[in-house]
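Subject: Structure handover

Hello,

Here is the structure I promised to pass on. Please open it first, then read the notes below.

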Amino acid sequence: MRRAARLLAMTTLFTTIAGADAGGLIDDFAAADGLSRLGTPWRLVTDQVMGGVSSAALRRRTLDGRQALCLQGDVSLANNGGFVQVNLDLSRSGPLDASQFAGVRLLVRGNGETYNVHLKTTATSMPWQSYRADFIADTTWREIHLPFAAFSPHRLVPALDTTRLKRLGVVAIGRVMHAELCIAEVGFYE
């Protein structure tokens, strides 16, 4: 029992440290293996998982000398759909504690559309639940700071608990649109 408790404490410590690595950097897309700095992979998810018809592609590119993860696709509201997203787990085991940080930081370039960052915590048990904040991705590289206080609960009641983060997603959602978004860095800021 003691060994399990010690292992849990070590895992919690590692998870906290991993989120704080390099000043809160989650990914700069430099790793040859395609994994984030947290050791977790990025995934592409569309509303097709629930019967929608939105489509998207995810690829790594070099733009203006920067390594980037690029999402391109079309959001459709047909069949009760309406999203395309890239996401990653913030830890390989257990929740990540980001309470030492003030919010999420992105370095992005896009097509002038509005996108969302979605955070999931241990309180988000259903797929449609998240904490959401939006931003505009201009046609030139821009650093975006989204304070945790700007994240609104979507279809759940508890306020965002930054000590229990599980997943981060960047999403084109809620309206018919062409998504074209590249992310050169994502992380937390103090």
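How many residues in the lining of the largest pocket are nonpolar, polar and charged? The lining has 9 nonpolar, 10 polar and 5 charged residues. Here Ala, Val, Leu, Ile, Met, Phe, Trp, Tyr, Cys and Pro count as nonpolar, Asp, Glu, Lys and Arg as charged, and the others, Gly among them, as polar.

This is a predicted model: local features need pLDDT of at least 70, side-chain atom pairs count only at pLDDT 80 or more, and totals for chains, interfaces and linings use all residues. Residues are numbered from 1 along each chain as its sequence is written, and side-chain values use heavy atoms, without hydrogens and water.

The largest pocket holds about 480 Å³ of space. A pocket is an open set of points on a 1 Å grid over the protein atoms alone, where a 1.4 Å probe fits, with protein on both sides within 12 Å along at least five of seven lines; lining residues have an atom within 4 Å of a point. The volume is the space filled by probe spheres set on the points, which are joined across faces, edges and corners. Phe83, Gln85, Pro127, Trp128 and Arg132 lie nearest the centre. Strand 11 gives the most to this lining, 5 residues. Strands (E, at least two residues) are DSSP runs, numbered from the N terminus.

Now the sheet. It is open, with 6 strands in the order 2-5-11-7-8-10, paired antiparallel. Pairing takes at least two DSSP bridges. Strand 7 (114-121) and strand 11 (165-173) share 6 bridges. One of them links threonine 121 to leucine 165.

Best wishes

Terms used
Helices (H or I, at least four residues) and strands (E, at least two) are DSSP runs, numbered from the N terminus.
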